Amino acid sequence: MLLFRGEEHIDRWCSQWRQARGATLTIDQAWRLARAWYGNKMETHWRRHTLDETEALLNELGLTGSFWNLRG
Amino acid sequence: MTGTLDTNVRVELYREFVETGRPPSASHLAEMMGKPAADIRAAMERLAAGKAIVLQPESREILMANPLCAVPTPHLVRAGTRSFFGSCVWDAMGVMAMLKTDATLETSCPCCGESMAIGVRDGQPAPDPGLIHFAIPARRWWEDIVFT
């Protein structure tokens, strides 16, 4: 996952490195995902999210569609 | 109880990593925790199997205590006098989320090399026009987590 200045920079980089275009997140979306994913990683009670929990989290952030499908 | 030992090893290794900015070795963890090194290494292997951490392929020392990365990357987080690397920009944001303190992520646009930064103050990122690109579909992230 890389931070780009904008859409055209992503397109140029994908073309240059022959990478398929993936999915883009805003800083706010990524921050909310990062907080939910890693916010308690240092805590005793941390555990990995279940598949259902991860799907619910992605849905909550509007991350839907085949790219975010975990059961394919 | 391996479950309790694994939790204690995870918490201790993260605490040490965050405090010193470097991942503790298995032998250092064993010394700190007063446990046999073989028990600590076994716990680290179980944590890696459970995808809580990633070990280096040969030494079996810590490569990633996700979101922290043991080796230098282009994604640097500065928090006060401490600095950390994230394996990717999202992990670096995860470092800031995990530390729960004001911090700044320094990186650069992979396309043009222009420097970029994301600052987090009082738990919120500063408005930024940047976009994060995820190249690998979510269900394939752990097929090769180092590449991801």
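Chain B is divided into domain 1 (2-63) and domain 2 (76-143), with bounds that come from an automatic or database domain assignment. The C-alpha centres of domain 1 of chain B and domain 2 of chain B lie 24 Å apart. This is a predicted model, in which local features need pLDDT of at least 70 and side-chain atom pairs count only at pLDDT 80 or more, while totals for chains, interfaces and linings use all residues. Residues are numbered from 1 along each chain as its sequence is written, and chains are lettered from A and ligands numbered from 1 in the order in which they are written.

Strand 1 (residues 54-55) of chain B runs antiparallel to strand 2 (residues 62-65) of chain B, and two bridges join them. Strands here are DSSP runs (E, at least two residues), as are helices (H or I, at least four), numbered from the N terminus; two strands pair if DSSP finds at least two bridges between them. B:Val54 has B:Met64 in strand 2 of chain B as its bridge partner. Six residues separate the two strands in a hairpin, and B:Arg60 in the turn has a positive phi of about 60°. Strand 2 of chain B is also joined by two bridges to strand 3 (residues 68-69) of chain B, again in antiparallel fashion. Here B:Ala65 is partnered by B:Leu68, and the hairpin has two residues between its strands.

The next subject is the contact between the chains. It takes 36 residues from chain B and 35 residues from chain A, where two residues are in contact if their C-beta atoms, placed from the backbone, lie within 7 Å. On the side of chain B that touches chain A, two or more residues each come from helix 1 (2-20), helix 4 (89-99), strand 7 (115-121) and strand 9 (131-134) of chain B. Helix 4 of chain B gives the most, with six residues. By class, this side of chain B has 25 nonpolar, six polar and five charged residues; Ala, Val, Leu, Ile, Met, Phe, Trp, Tyr, Cys and Pro count as nonpolar, Asp, Glu, Lys and Arg as charged, and the others, Gly among them, as polar.

Strand pairing also links the two chains: strand 1 (residues 2-4) of chain A and strand 9 of chain B are antiparallel, over three bridges. A:Leu2 has B:His133 in strand 9 of chain B as its bridge partner.
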